[in-house]
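This briefing covers side-chain contacts in one structure, with notes on solvent accessibility. Please read it alongside the sequence and the coordinates shown here.

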Amino acid sequence: LEACPYTVVYEDFVREPEGAVRGILGFLELEPPPGWSLPHLGMERLADETSRRWAERYLREQPVRF
């Protein structure tokens with residue numbers, strides 16, 4: 001059997017993390033326990049010099065695609 005990956009779009013996860021996790025569980029054919037909900041993740045946007053350097057490094061190091 002060939003494995004088929006499940007795609008999680010970052011922006012969708014940030015906007016609705018519980019929905020994203022439920023989508024993953026559904027893909028794996030798993031049911032969350034009754035009454036389950038995702039705890040608050042407490043994410044914070046990082047948009048500073050560090051994230052700019054990470055983005056530049058990623059673009060520099062990724063393989064060239066034709």
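The structure is a predicted model. It holds one aromatic pair, and the count of salt bridges comes to five.

**Aromatic pair**

- One aromatic pair is present, formed by the rings of Tyr6 and Phe27, whose centres are 5.0 Å apart.
- The planes of the two rings stand at 40 degrees; planes under 30 degrees apart would count as stacked and those over 60 as edge-to-face, so the pair of Tyr6 and Phe27 is tilted.

- Asp12 and Arg15 form a salt bridge in which the closest N and O atoms are 2.8 Å apart.
- Both residues, Asp12 and Arg15, lie in helix α1, and their spacing of three residues is about one turn of the helix.
- Asp12 is partly exposed, with a relative accessible area of 34%.
- Arg15 has 61% relative accessibility and counts as exposed, because the cut-off for that class is over 50%.

- Helix α3 (residues 49–61) contains both Arg52 and Glu56, which are four residues apart, or about one turn of the helix.
- Arg52 is partly exposed at a relative accessible area of 37%, and Glu56 is also partly exposed, at 39% relative accessibility.
- Arg57 forms a salt bridge with Glu61, with 2.9 Å between the closest N and O atoms.
- Arg57 and Glu61 are four residues apart in helix α3, so about one helical turn separates them.
- Arg57 counts as partly exposed at 47% relative accessibility, whereas Glu61 is exposed, with a relative accessible area of 52%.
- Salt bridges that share partners join Glu49, Arg52 and Glu56 into one network.

Note on methods:
Residues numbered from 1 in each chain as written. Predicted model: local features only at pLDDT ≥ 70, side-chain atom pairs only at ≥ 80, totals over all residues. Heavy atoms only, no water. Phe/Tyr/Trp six-rings, centres within 6.5 Å; stacked < 30°, edge-to-face > 60°. Salt bridge = Lys/Arg side-chain N within 4 Å of Asp/Glu carboxyl O. Helix = DSSP H or I, 4+ residues; strand = E, 2+ residues; numbered from the N terminus. Buried < 20%, exposed > 50% of the residue type's maximum accessible area, 1.4 Å probe, protein only.
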